[in-house]
Amino acid sequence: MSLFHWFIFFLVVQIIHGLGTWKLYQKAGRKPIEAFIPVYNSIVLMKIINRPAWWTILLFIPVINLIMFPVVWVETLRSFGKNSTADTWLGIFTFGLYIYYINYTQDFKHIADRSLVAKTKTGDTVSSLLFAIVVATLVHTYVMQPYTIPSSSLEKSLLIGDFLFVSKFHYGARVPMTSVAAPMVHDTIPVIHTKSYLYDDNNPESWKNKLQLPYFRFPGFEKIKNSDIVVFNWPRDTLFHMYKPADRRYSKPIDKKTNYVKRCVGIAGDSLQIKNGDVYINGKILILPERARPQFSYNVQLKDGNDDTFLQQNDIKEYNYVFKMEAKLWDNAVVKNYFNEERVRVSEVSRDSANIYFNAGGITADVFKKLNLGIGYYQANLTAQKAELLKNDPNVASVTRFIKTGVEDGIYPDAADGIPTTLNNWNSDNFGPIYIPKAGAKVNLDLKSLPLYKIIIGEYEGNKLKVVGNDIFINGEKATTYTFKQDYYWMMGDNRNNSLDARYFGYTPENHIVGKPVFIWMSWDSNGKGLNKIRWERLFTTVGGDGQPQSYFKYFLFLLALYFVGDYFWKKRKNS
């Protein structure tokens with residue numbers, strides 16, 4: 001809904017509230033008209049139920065208000081002597097309309113000095129839990145959110161198993177757009193694996209979808225800069241939820257799309273190009289921070305053939321086996337059937353030979369002999385520093401950087417909706433140049449440039465886009481230019497040959513930005529054993545900043561010990 005629609009909805013709610021409570025206000029010594037005055041009626045109601053006035057703020061914060069409404073309904077009933085369990089459940093399950101029944105049919109008296117202490121242990125526990133959920137949701141939504149690194153797209157800068165705190169206030173906290181959702185979970189409720197929000201994926205015009213709030217972001221104290229690591233909602237999300245792969249394209253609310261973390265290599269207004277794997281911004285190569293450790297693909301040839309011990313000794317975890325195979329053997333139907341399995345892929349097929357890529361663990365001695373494969377090499381993801389070290393290894397014959405050539409399937413922009421993609425010879429190592437849109441900037445539109453901006457115009461900025469012959473129509477009018485409504489960013493992983501990033505899904509809109517990772521509080525290595533499962537050197541390290549990462553874990557332990565010692569002596573002194 002638009003702001004105007006929400007304003008009308010807000011006024012209707014105020015009228016409903018006033019009609020159902022004006023007698024309660026009167027019994028509490030207030031004027032009946034006060035039950036109808038927007039916002040002020042909530043402040044007065046807090047006085048009537050003997051709760052602090054700042055609770056009014058919580059009633060207008062999305063998601064949190066879903067918790068607060070039932071609390072206020074129950075508190076209102078108890079303030080007028082309706083304390084039974086039946087009264088409580090009727091108040092909740094009628095969505096507060098039970099108060100109408102009390103207001104018009106019952107004889108009641110306002111209890112101005114009622115006790116706010118729960119009469120039962122269960123009631124006390126529920127009150128404590130509700131308060132904890134409200135506070136945690138506020139922090140989670142507007143201050144700091146915990147996040148886990150699930151993939152290796154930023155390896156070795158951030159590792160799988162790193163647990164981060166993501167700041168919402170650096171770039172400005174985004175108000176939740178999905179107004180009806182479970183607190184402190186993303187798109188899925190754990191264990192039961194069902195959606196955590198109210199939204200109809202199949203019907204864009206559903207009333208559920210109309211409950212979406214307009215995008216709004218509080219002012220931040222920092223702008224996204226080139227090379228910042230950023231958490232954002234994946235713009236091209238197709239997953240039903242985080243635990244179920246997509247079987248079709250699902251329409252999800254922006255703030256419920258899957259969370260991604262990448263490095264922002266290009267910001268709004270930049271011109272970006274990738275040449276031989278290196279990123280150029282406005283014609284100059286992008287200089288990454290000292291602590292960034294980008295990885296690229298290298299062909300590593302050993303002198304005595306492939307040796308898995310070599311991989312373990314050099315901590316090489318992402319690699320493929322590559323072998324040359326005779327073309328006449330490749331033509332054999334039995335061999336082709338074998339290579340149809342997911343663990344292998346074939347490329348660079350020529351008259352004489354084909355390159356065979358085996359995933360890690362995909363080749364055995366029996367297969368090697370059966371297919372008459374020659375001595376192969378590893379194609380491994382390495383940092384430049386690791387590649388230089390391997391060149392000096394006596395077991396290594398050669399280490400060469402692998403650069404993709406020719407057109408790569410799936411590279412952005414992809415042809416769709418009858419709009420041709422005329423850009424060619426682009427791949428993940430050689431891409432662009434492209435312009436990264438800035439709010440208010442205008443670009444010329446034709447069939448050659450349209451593929452770059454098609455999804456921005458039609459999906460991210462909500463226009464009706466149509467192509468008829470050589471003409472482009474936006475919202476029914478012929479267009480030769482387009483002015484962007486918001487800023488966009490170009491997100492890429494440091495693990496350049498194993499990252500689903502902007503080279504494949506394109507631009508990230510500003511309204512998809514979640515926050516800035518600032519702190520690693522835990523790092524868990526699933527391959528470690530015992531205490532070595534914890535990467536102790538990564539605990540309490542900052543994500544950004546100059547120089548190499550430094551752990552502040554020992555300082556944390558010192559402050560924690562100081563707290564407990566001080567608390568012990570304080571209590572001892574107090575008792576004496």
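A cavity here is a set of points, on a 1 Å grid over the protein atoms alone, where a 1.4 Å probe fits but cannot get out. Grid points are joined across faces, edges and corners, and a volume is the space filled by probe spheres set on the points. With that in hand, the largest cavity comes to about 40 Å³. What you have above is a predicted model, where local features need pLDDT of at least 70 and side-chain atom pairs count only at pLDDT 80 or more, while totals for chains, interfaces and linings use all residues. Residues are numbered from 1 along each chain as its sequence is written, and side-chain values use heavy atoms, with hydrogens and water left out.

**The chain overall**

- The protein chain folds into 15 helices and 25 strands, taken as DSSP runs numbered from the N terminus (helices: H or I, at least four residues; strands: E, at least two).
- Of its 576 residues, 45% count as buried, meaning under 20% relative accessible area, with exposed being over 50% and partly exposed in between (1.4 Å probe, protein chains only).
- Take the contacts (heavy atoms within 4.5 Å) between residues at least 6 apart in sequence: 67% of them join residues at least 24 apart.

- Mean pLDDT (the predictor's confidence in each residue, from 0 to 100) is 82 for the protein chain, and 85% of residues reach 70 or more.
- Residues 349-353 fall below 50, though this stretch still has twelve contacts in the model beyond near neighbours in sequence.

**Cavities**

- The count is two cavities of 30 Å³ or more.
- Lining residues have an atom within 4 Å of a point, and for the largest cavity they are Arg 236, Tyr 412, Pro 413, Asp 414, Pro 451, Lys 454 and Ile 455.
- That lining has four nonpolar, no polar and three charged residues; Ala, Val, Leu, Ile, Met, Phe, Trp, Tyr, Cys and Pro count as nonpolar, Asp, Glu, Lys and Arg as charged, and the others, Gly among them, as polar.
- The second largest cavity holds about 30 Å³ and is lined by Leu 24, Thr 76, Leu 77, Phe 80, Ile 99 and Ile 102.
- Five of those lining residues are nonpolar, one is polar and none is charged.
- Helix H4 (64-79) and helix H6 (98-105) each put at least two residues into the lining of the second largest cavity.

**The largest pocket**

- A pocket is an open set with protein on both sides within 12 Å along at least five of seven lines, and the largest pocket has about 1,700 Å³ of space.
- Of the 44 residues that line the largest pocket, Phe 9, Val 13, Leu 59, Asn 65 and Phe 69 are the closest to its centre.
- Helix H1 (3-27) gives the most to this lining, with eleven residues.
- By class, the lining of the largest pocket splits into 34 nonpolar, ten polar and no charged residues.

**Aromatic pairs**

- There are 37 aromatic pairs in the structure; rings of Phe, Tyr and Trp (its six-membered ring) pair if their centres lie within 6.5 Å, with planes under 30 degrees apart called stacked, over 60 edge-to-face and the rest tilted.
- Phe 163 and Trp 521 make a tilted pair because their ring centres are 5.6 Å apart and their planes sit at 55 degrees.
- This pair links strand E2 (residues 162-167) with strand E24 (residues 513-523), its partners being 358 residues apart.
- Phe 163 is partly exposed at 26% relative accessibility, and Trp 521 is partly exposed at 32%.
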